[in-house]
Amino acid sequence: MVGMTAKLADAGLSGKRPFSSPMDSALAEARAAAARGEVPVGAVVVDSKGRVLAKAGNRTLELRDPTAHAEILALREAAAMRGSERLLDCDLYVTLEPCAMCAGAISFARIRRLYFGAADPKGGAVEHGPRFFGQSTCHHAPEVYGGIGETASSDLLKAFFAARR
């Protein structure tokens, strides 16, 4: 085990700087949203080199804006940072399957890959509901990978709603 610790330290992955994936960052944004009383959804946009361009959590209540979903806020911030509405070489990590509004924004932004945590049979629009990216009217469909961080994402949502009942 000592050898493994040395290898991790050499790679910059020692205990002082634990590895953090973009989905870990999205989960942190979701937890922060829950702490604000928002539905715990977080999103992170990364470029082709894995650099975080933007991250956000839901802020619909705080901003009194029904479009202030985590995905929309993160896409807006990344687009502003890039100076372009197109995020061609970027990936989006989000803790919950995007709704139809967010799927539309993901398509218009030309996101390369979408990674999401928990499925959303009621409000999701990627693998459920309208299956937005499979429609003939969809101009761009990202590669989609569901179930990334699914347990943590689902547990966070379940705990949030259980506390409100």
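Let's start with helix H4 (residues 70-82) and helix H5 (residues 100-109), whose axes come within 9 Å and cross at roughly 20°. This is a predicted model, so local features need pLDDT of at least 70 and side-chain atom pairs count only at pLDDT 80 or more, while totals for chains, interfaces and linings use all residues. Residues are numbered from 1 along each chain as its sequence is written, and side-chain values use heavy atoms, with hydrogens and water left out.

A few terms first. Helices (H or I, at least four residues) and strands (E, at least two) are DSSP runs, numbered from the N terminus. Axes are lines fitted to C-alpha atoms, for helices over the stretch in contact, and angles run from 0 to 180 degrees between N-to-C directions.

Who touches whom? Glu71, Ile72 and Leu75 in H4 meet Met101, Cys102, Ala105, Ile106 and Ala109 in H5, where contact means heavy atoms within 4.5 Å. Sorted by class, this contact has seven nonpolar residues, no polar ones and one charged (Ala, Val, Leu, Ile, Met, Phe, Trp, Tyr, Cys and Pro count as nonpolar, Asp, Glu, Lys and Arg as charged, and the others, Gly among them, as polar).

Now look at helix H2 (residues 22-35) and helix H6 (residues 150-164), which pack at about 5° with their axes 11 Å apart. That makes H2 and H6 roughly parallel to each other too. Here Leu27, Ala30, Arg31 and Ala34 of H2 meet Ala152, Ser153, Leu156 and Phe160 of H6. This contact has six nonpolar residues, one polar and one charged.

Finally, check two loops. Arginine 110 sits in the loop between H5 and strand E4 (113-118), and its phi is near 60°, a positive value in a residue other than glycine. Which loop holds arginine 131? Arginine 131 is in the loop between E4 and strand E5 (143-146), and has a positive phi of about 45° although it is not a glycine.

Terms used:
Parallel < 35°, antiparallel > 145°, perpendicular 65-115°, else oblique.
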